[in-house]
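Today I'm looking up a few residues and jotting down what turns up.

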Amino acid sequence: RRPMTLHRLREMHARGEKITMLTSYDAMFTRLMDECGVDTILVGDSLGMLVQGHTSTVPVTLDDMVYHTRCVVRGNRHAWIVSDLPFGSYQEGKEQALRSCVALMQAGAQMIKLEGGGWTPETVYFLTERGIPVCAHLGLTPQTVHALGGFRIQGRDQAGADTLRRHASELAQAGAAMMVLELMPSAVASQVQADNPGLMTIGIGAGSGTAGQVLVLHDMLHVTRGKLPRFARNFMAEGGSIEDAIRRYVSEVKGVRFPDESLHGY
Ligand code: KIV
Ligand code: NA
(Lines give C-alpha, C1' and ligand atoms only; values in the text may rest on other atoms or scores of the structure.)
(Ligands and ions follow the chains in the order given, each with its own letter.)
Protein backbone atom coordinates (compact mmCIF):
# COMPACT_ATOMS: atom_id res chain seq x y z
CA ARG A 1 0.00 0.00 0.00
CA ARG A 2 1.14 3.50 -0.84
CA PRO A 3 0.44 6.55 1.34
CA MET A 4 -2.87 8.23 0.51
CA THR A 5 -2.79 11.46 -1.48
CA LEU A 6 -5.43 14.00 -2.43
CA HIS A 7 -5.04 12.83 -6.03
CA ARG A 8 -5.79 9.21 -5.09
CA LEU A 9 -8.78 10.27 -2.99
CA ARG A 10 -10.17 12.16 -5.99
CA GLU A 11 -9.63 9.08 -8.18
CA MET A 12 -11.53 6.93 -5.67
CA HIS A 13 -14.37 9.43 -5.67
CA ALA A 14 -14.40 9.63 -9.48
CA ARG A 15 -14.79 5.85 -9.82
CA GLY A 16 -17.50 5.78 -7.14
CA GLU A 17 -15.52 4.05 -4.39
CA LYS A 18 -16.69 5.22 -0.96
CA ILE A 19 -14.12 7.04 1.17
CA THR A 20 -13.73 5.84 4.78
CA MET A 21 -12.89 8.20 7.63
CA LEU A 22 -12.69 7.68 11.39
CA THR A 23 -11.63 10.04 14.14
CA SER A 24 -8.44 9.34 16.10
CA TYR A 25 -6.64 11.23 18.81
CA ASP A 26 -3.58 9.13 19.58
CA ALA A 27 -0.84 7.01 18.01
CA MET A 28 -2.00 3.45 18.75
CA PHE A 29 -5.58 3.75 17.52
CA THR A 30 -4.17 5.47 14.44
CA ARG A 31 -1.75 2.58 13.87
CA LEU A 32 -4.62 0.10 14.11
CA MET A 33 -6.90 2.09 11.78
CA ASP A 34 -4.08 2.48 9.31
CA GLU A 35 -3.46 -1.29 9.33
CA CYS A 36 -7.20 -1.87 8.82
CA GLY A 37 -7.12 0.23 5.66
CA VAL A 38 -9.01 3.34 6.79
CA ASP A 39 -8.50 5.91 4.00
CA THR A 40 -8.57 9.13 6.02
CA ILE A 41 -8.19 9.89 9.72
CA LEU A 42 -9.71 12.97 11.32
CA VAL A 43 -8.01 14.48 14.35
CA GLY A 44 -11.37 15.87 15.45
CA ASP A 45 -11.92 18.53 18.06
CA SER A 46 -14.47 16.03 19.43
CA LEU A 47 -11.44 15.15 21.56
CA GLY A 48 -12.66 18.00 23.78
CA MET A 49 -15.55 15.78 24.85
CA LEU A 50 -14.04 12.31 24.41
CA VAL A 51 -10.52 12.82 25.76
CA GLN A 52 -10.70 16.02 27.80
CA GLY A 53 -14.16 15.52 29.32
CA HIS A 54 -15.72 18.84 28.32
CA THR A 55 -19.41 19.08 27.40
CA SER A 56 -18.69 20.64 24.00
CA THR A 57 -15.80 21.26 21.59
CA VAL A 58 -15.72 24.97 22.44
CA PRO A 59 -12.88 24.80 25.04
CA VAL A 60 -10.40 23.02 22.71
CA THR A 61 -7.34 25.12 21.87
CA LEU A 62 -4.99 25.17 18.89
CA ASP A 63 -2.20 23.84 21.14
CA ASP A 64 -4.43 20.88 22.05
CA MET A 65 -4.99 20.15 18.34
CA VAL A 66 -1.28 20.44 17.57
CA TYR A 67 -0.47 17.97 20.38
CA HIS A 68 -3.02 15.38 19.25
CA THR A 69 -2.10 15.83 15.59
CA ARG A 70 1.52 15.02 16.48
CA CYS A 71 0.39 11.90 18.39
CA VAL A 72 -1.75 10.70 15.47
CA VAL A 73 0.91 11.38 12.85
CA ARG A 74 3.46 9.25 14.76
CA GLY A 75 1.12 6.26 14.52
CA ASN A 76 0.30 6.74 10.85
CA ARG A 77 1.90 5.36 7.71
CA HIS A 78 -0.68 5.48 4.90
CA ALA A 79 -3.86 7.33 5.87
CA TRP A 80 -4.66 10.90 4.81
CA ILE A 81 -4.60 13.06 7.97
CA VAL A 82 -7.20 15.81 8.42
CA SER A 83 -7.04 18.05 11.51
CA ASP A 84 -9.74 20.34 12.90
CA LEU A 85 -9.16 24.04 13.34
CA PRO A 86 -10.63 24.54 16.82
CA PHE A 87 -13.11 27.23 17.86
CA GLY A 88 -11.51 30.67 17.90
CA SER A 89 -8.50 29.74 15.75
CA TYR A 90 -9.94 30.98 12.42
CA GLN A 91 -12.98 33.18 13.15
CA GLU A 92 -10.93 36.40 13.35
CA GLY A 93 -10.09 36.26 9.68
CA LYS A 94 -8.11 34.64 6.95
CA GLU A 95 -4.66 35.61 8.23
CA GLN A 96 -5.38 34.09 11.63
CA ALA A 97 -6.73 30.99 9.88
CA LEU A 98 -3.53 30.68 7.85
CA ARG A 99 -1.34 30.90 10.96
CA SER A 100 -3.42 28.21 12.65
CA CYS A 101 -3.20 25.97 9.55
CA VAL A 102 0.57 26.38 9.50
CA ALA A 103 0.75 25.12 13.11
CA LEU A 104 -1.38 22.05 12.31
CA MET A 105 0.43 21.27 9.06
CA GLN A 106 3.83 21.60 10.70
CA ALA A 107 2.52 19.06 13.22
CA GLY A 108 1.85 16.72 10.28
CA ALA A 109 -1.73 17.41 9.14
CA GLN A 110 -2.26 17.10 5.37
CA MET A 111 -5.64 18.82 5.26
CA ILE A 112 -7.42 21.11 7.66
CA LYS A 113 -11.12 21.25 8.46
CA LEU A 114 -13.14 24.29 9.47
CA GLU A 115 -16.81 24.67 10.30
CA GLY A 116 -19.52 26.85 8.85
CA GLY A 117 -20.82 28.53 5.73
CA GLY A 118 -21.66 32.03 4.57
CA TRP A 119 -18.62 33.85 5.92
CA THR A 120 -16.10 31.00 5.40
CA PRO A 121 -15.57 30.88 1.58
CA GLU A 122 -13.30 33.94 1.68
CA THR A 123 -11.04 32.14 4.18
CA VAL A 124 -11.21 28.86 2.26
CA TYR A 125 -10.18 30.62 -0.98
CA PHE A 126 -7.29 32.34 0.83
CA LEU A 127 -6.04 29.01 2.25
CA THR A 128 -6.44 26.88 -0.87
CA GLU A 129 -4.70 29.53 -3.00
CA ARG A 130 -1.78 29.15 -0.60
CA GLY A 131 -1.57 25.40 -0.98
CA ILE A 132 -3.57 24.19 2.00
CA PRO A 133 -6.09 21.42 1.26
CA VAL A 134 -9.36 22.33 2.99
CA CYS A 135 -12.26 20.24 4.26
CA ALA A 136 -15.40 22.26 5.00
CA HIS A 137 -18.06 21.19 7.51
CA LEU A 138 -21.77 22.04 7.26
CA GLY A 139 -25.02 21.01 8.94
CA LEU A 140 -24.69 20.44 12.67
CA THR A 141 -21.47 22.33 13.39
CA PRO A 142 -20.59 21.51 17.03
CA GLN A 143 -18.49 24.63 17.63
CA THR A 144 -21.64 26.72 17.21
CA VAL A 145 -23.87 24.40 19.26
CA HIS A 146 -24.90 27.26 21.56
CA ALA A 147 -26.08 29.39 18.63
CA LEU A 148 -27.83 26.43 17.00
CA GLY A 149 -29.74 25.71 20.20
CA GLY A 150 -28.37 22.22 20.85
CA PHE A 151 -27.22 19.11 18.95
CA ARG A 152 -30.14 19.09 16.50
CA ILE A 153 -30.68 18.02 12.92
CA GLN A 154 -30.18 20.83 10.39
CA GLY A 155 -31.79 21.66 7.04
CA ARG A 156 -35.15 20.09 7.83
CA ASP A 157 -37.31 22.86 6.37
CA GLN A 158 -37.04 24.16 2.82
CA ALA A 159 -35.32 27.42 3.79
CA GLY A 160 -32.72 25.58 5.88
CA ALA A 161 -32.07 23.07 3.11
CA ASP A 162 -31.68 25.86 0.53
CA THR A 163 -29.17 27.67 2.77
CA LEU A 164 -27.15 24.47 3.23
CA ARG A 165 -27.02 23.90 -0.54
CA ARG A 166 -26.00 27.48 -1.21
CA HIS A 167 -23.28 27.42 1.44
CA ALA A 168 -21.95 24.10 0.12
CA SER A 169 -21.71 25.35 -3.46
CA GLU A 170 -19.98 28.56 -2.35
CA LEU A 171 -17.40 26.56 -0.37
CA ALA A 172 -16.80 24.15 -3.27
CA GLN A 173 -16.28 27.11 -5.60
CA ALA A 174 -13.89 28.65 -3.08
CA GLY A 175 -11.73 25.54 -3.35
CA ALA A 176 -12.81 23.14 -0.58
CA ALA A 177 -11.88 19.66 -1.80
CA MET A 178 -13.78 17.79 0.89
CA MET A 179 -16.81 18.57 3.05
CA VAL A 180 -18.22 16.91 6.15
CA LEU A 181 -22.03 16.96 6.14
CA GLU A 182 -23.30 16.34 9.66
CA LEU A 183 -26.83 15.54 10.81
CA MET A 184 -29.16 16.52 7.97
CA PRO A 185 -31.84 14.78 5.90
CA SER A 186 -30.27 12.25 3.51
CA ALA A 187 -31.97 13.97 0.58
CA VAL A 188 -30.27 17.28 1.37
CA ALA A 189 -26.81 15.68 1.56
CA SER A 190 -27.42 13.81 -1.72
CA GLN A 191 -28.48 17.08 -3.33
CA VAL A 192 -25.28 18.81 -2.15
CA GLN A 193 -23.25 15.98 -3.71
CA ALA A 194 -25.25 16.23 -6.96
CA ASP A 195 -24.79 20.02 -7.05
CA ASN A 196 -21.00 19.63 -6.71
CA PRO A 197 -19.94 16.37 -8.39
CA GLY A 198 -16.20 16.85 -7.80
CA LEU A 199 -16.57 17.64 -4.10
CA MET A 200 -15.79 14.76 -1.74
CA THR A 201 -18.70 14.90 0.69
CA ILE A 202 -18.21 12.88 3.88
CA GLY A 203 -21.41 12.18 5.77
CA ILE A 204 -22.22 11.59 9.42
CA GLY A 205 -25.95 11.27 9.98
CA ALA A 206 -26.46 12.40 6.38
CA GLY A 207 -27.38 9.19 4.56
CA SER A 208 -25.47 7.12 2.03
CA GLY A 209 -25.54 9.54 -0.90
CA THR A 210 -22.24 11.12 0.11
CA ALA A 211 -18.80 10.26 -1.29
CA GLY A 212 -17.72 8.85 2.05
CA GLN A 213 -18.58 8.37 5.70
CA VAL A 214 -17.09 9.38 9.02
CA LEU A 215 -17.83 8.12 12.52
CA VAL A 216 -16.40 9.11 15.85
CA LEU A 217 -14.22 6.23 17.10
CA HIS A 218 -15.82 6.21 20.54
CA ASP A 219 -19.31 5.96 19.00
CA MET A 220 -18.54 3.04 16.69
CA LEU A 221 -16.91 1.16 19.59
CA HIS A 222 -19.69 2.39 21.92
CA VAL A 223 -17.20 3.67 24.47
CA THR A 224 -19.45 6.73 24.78
CA ARG A 225 -22.04 6.20 27.52
CA GLY A 226 -25.79 6.13 27.12
CA LYS A 227 -27.76 5.54 23.96
CA LEU A 228 -25.88 5.85 20.69
CA PRO A 229 -27.09 8.58 18.32
CA ARG A 230 -29.38 7.23 15.59
CA PHE A 231 -26.76 7.68 12.87
CA ALA A 232 -24.08 5.61 14.65
CA ARG A 233 -23.66 1.84 14.72
CA ASN A 234 -21.98 -0.24 17.40
CA PHE A 235 -19.46 -2.16 15.28
CA MET A 236 -17.76 -3.47 18.44
CA ALA A 237 -20.84 -5.47 19.44
CA GLU A 238 -20.79 -7.31 16.11
CA GLY A 239 -17.19 -8.49 16.04
CA GLY A 240 -15.94 -8.54 19.58
CA SER A 241 -12.55 -6.97 18.94
CA ILE A 242 -11.55 -3.43 18.14
CA GLU A 243 -9.63 -4.55 15.08
CA ASP A 244 -12.64 -6.47 13.79
CA ALA A 245 -14.92 -3.47 14.45
CA ILE A 246 -12.71 -1.18 12.39
CA ARG A 247 -12.35 -3.72 9.55
CA ARG A 248 -16.12 -4.22 9.57
CA TYR A 249 -16.71 -0.46 9.41
CA VAL A 250 -14.40 -0.20 6.38
CA SER A 251 -16.07 -3.07 4.52
CA GLU A 252 -19.59 -1.90 5.37
CA VAL A 253 -18.89 1.64 4.10
CA LYS A 254 -17.08 0.37 0.98
CA GLY A 255 -19.98 -2.01 0.30
CA VAL A 256 -22.56 0.77 0.82
CA ARG A 257 -24.19 -1.26 3.58
CA PHE A 258 -23.52 1.42 6.19
CA PRO A 259 -25.32 3.70 6.70
CA ASP A 260 -28.64 1.95 6.18
CA GLU A 261 -31.33 4.53 5.38
CA SER A 262 -34.06 2.80 7.38
CA LEU A 263 -31.88 2.52 10.53
CA HIS A 264 -29.50 5.48 10.41
CA GLY A 265 -31.12 8.04 8.07
CA TYR A 266 -33.15 11.20 8.68
O1 KIV B 1 -14.54 16.46 15.67
C2 KIV B 1 -15.12 15.53 15.07
O3 KIV B 1 -15.13 14.36 15.50
C4 KIV B 1 -15.81 15.85 13.82
C5 KIV B 1 -16.58 14.75 13.14
C6 KIV B 1 -17.85 14.45 13.85
C7 KIV B 1 -16.84 15.04 11.71
O8 KIV B 1 -15.76 16.96 13.38
NA1 NA C 1 -14.87 18.51 14.77
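**Entry 1: Asp-84.** I started with contacts in this predicted model. Leaving out neighbours within four places in sequence, Asp-84 is in contact with Val-43, Gly-44, Asp-45, Met-65 and Lys-113. I then checked where Asp-84 sits, and it belongs to strand β3, which covers residues 80-84. Is Asp-84 buried or exposed? I found 30 other C-beta atoms within 10 Å of Asp-84, so it goes down as buried; the cut-off for that is 20 or more.

**Entry 2: Lys-113.** This partner of Asp-84 was next on my list. Lys-113 is in strand β4. It has 24 other C-beta atoms within 10 Å, so I wrote "buried" here too. What does Lys-113 touch, if residues up to four places away in sequence don't count? My list reads Val-82, Asp-84, Leu-85, Cys-135, His-137 and Val-180.

**Entry 3: Asp-45.** Asp-45 has 29 C-beta neighbours inside 10 Å, so it counts as buried. Beyond four places in sequence, its contacts are Thr-57, Val-60, Met-65, Asp-84 and Pro-86.

**Entry 4: the UniProt record.** I looked up what the record says. An unreviewed UniProt entry puts the feature "binding site" at Asp-45, Ser-46, Asp-84 and Lys-113. Why do I say that these gather at one spot? They span 69 residues in sequence, yet no two of their C-alpha atoms are more than 12.6 Å apart. UniProt also lists Asp-45, Asp-84 and Glu-115 for "binding site", again from an unreviewed entry. Those are spread over 71 residues of sequence but cluster in space, with a largest C-alpha distance of 11.0 Å.

**Entry 5: Gly-117.** Last stop. Gly-117 lies in the loop between β4 (111-113) and α6 (121-129). It has 22 C-beta neighbours inside 10 Å and therefore counts as buried. Which residues is Gly-117 in contact with, leaving aside its neighbours within four places in sequence? I got Leu-138, His-167, Glu-170 and Leu-171. I also checked Arg-166: it is 49 residues from Gly-117 in sequence, and the C-alpha to C-alpha distance is 8.7 Å.

Definitions and conventions. Residues numbered from 1 in each chain as written. Chains lettered and ligands numbered in written order. Predicted model: local features only at pLDDT ≥ 70, side-chain atom pairs only at ≥ 80, totals over all residues. Helix = DSSP H or I, 4+ residues; strand = E, 2+ residues; numbered from the N terminus. Buried ≥ 20, exposed ≤ 12 C-beta atoms within 10 Å, placed from the backbone. Contact = placed C-beta atoms within 7 Å. UniProt positions renumbered as here; feature names shortened; annotations may be inferred.
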